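My notes follow in the order I made them.

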Amino acid sequence: MQALKSEDMSQLQLVEREEIDEEEDLFEAIDKLTAHGINAGDVKKLQDAGIYTCNGLMMHTKKNLTGIKGLSEAKVDKICEAAEKLVNYGYITGSDALLKRKAVVKITTGSQALDELLGGGIETLQITEAFGEFRSGKTQLAHTLCVSTQLPTSMKGGNGKVAYIDTVGTFRPDRIVPIAERFGMDPGAVLDNIIYARAYTYEHQYNLLLGLAAKMAEEPFRLLIVDSVIALFRVDFTGRGELAERQQKLAQMLSRLTKIAEEFNVAVYMTNQVIADPGGGVFISDPKKPAGGHVLAHAATVRLMFRKGKGEQRVCKVFDAPNLPESEAIFQITGGGIADAKD
């Protein structure tokens, strides 16, 4: 019996090892540039600027890189040349693209109906946006995902840590406890695997995203939550005169979110607020639309519209998605988080 147990353990370690090896293939650490003739001091400058992987480096323009103190145009050219040897950023075949899609992890929402609507759950490598009025279940789903992301992949989890950026002060660690218990997990361990930051200005929010690269390069993260993505932009920019600047800054932040999703194979779940649409007309029963305009609409891969149903029931509709049909699912908010609605 003991021998059997130890055999099981070695098999388990082997599986974990394989998973780790696969992970390492997803991105090349920036310090590998030193083997291609790049000065360790210059690599340190890149890390100080929040660039920790060669994949992340290739997502910056040369103009951005020369803006880093101590990096000349000649140095930047040499760094980019070395990074191109480590990372293929040219064309690949459709078959290769399909193979890359195998790296996508689908994380359960806690509700089977909602999972089916999303084609298996919240996906990594993309941004999922949930918009709706207050109490429609957006933050409740965020709290449930904080726990379900930490489940092993065999249980439709992400087997990774969670980063939570809170701009409206709605994160409740005590809410995580009953959700963890529902999934049969240790609440203390679950809370330890969530890193949390409260943002107070849009600049603070952006800086928190820059600082995440260091953490994600070192530890296996699977989910980044931004709740809510637009709130601080609506506060820090007022009136029509500042609208153009607001949209430009919002676009930069959304671009950063997209890069994080693709660089570290994490799922980005962001909540959005709604605004009254005076042009909605009399014939539309609920004339509300998501805030953020076209800039936000183009950044999100999957857009979900949440609305209240009967009692604790909530309705989720696929508003926009490249690979999902426009349909709806009903779920329920319970003490243990998001679950299937009871008839």
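First, a term: I call it a contact when heavy atoms lie within 4.5 Å. Among contacts in the chain between residues at least 6 apart in sequence, I find that 66% join residues at least 24 apart.

Ground rules next. I am working from a predicted model, where local features need pLDDT of at least 70, side-chain atom pairs count only at pLDDT 80 or more, and totals for chains, interfaces and linings use all residues. Residues are numbered from 1 along each chain as its sequence is written, and side-chain values use heavy atoms, with hydrogens and water left out.

Overall make-up. I get 14 helices and 13 strands in the chain, taken as DSSP runs (helices H or I, at least four residues; strands E, at least two) numbered from the N terminus. Of the 343 residues, 44% are buried, meaning under 20% relative accessible area with a 1.4 Å probe, protein chains only.

Cores. I looked for sets of buried Ala, Val, Leu, Ile, Met, Phe, Trp, Tyr and Cys residues joined through side-chain atoms within 4.5 Å. The largest nonpolar core has 38 residues, and Leu114, Cys146, Val147, Ile194, Ile225 and Tyr269 touch the most other members. Helix 8 (residues 138-148) gives the most to this core, 5 residues. I followed up Cys146: leaving out residues up to four places away in sequence, its partners include Val162, Phe171, Val190 and Leu223. There is also a second, separate core of 32 residues, with Ile127, Leu209, Val229 and Leu254 among them.

Cavity. On a 1 Å grid over the protein atoms alone, a cavity is a set of points where a 1.4 Å probe fits but cannot get out; a pocket is an open set with protein on both sides within 12 Å along at least five of seven lines, and lining residues have an atom within 4 Å of a point.

Of its 18 lining residues, Leu243, Arg246, Ile275, Gly292 and Gly293 are closest to the centre. Helix 13 (243-264), strand 9 (288-290) and helix 14 (293-299) each give two or more residues to the lining.

Technical notes. Buried < 20%, exposed > 50% of the residue type's maximum accessible area, 1.4 Å probe, protein only.
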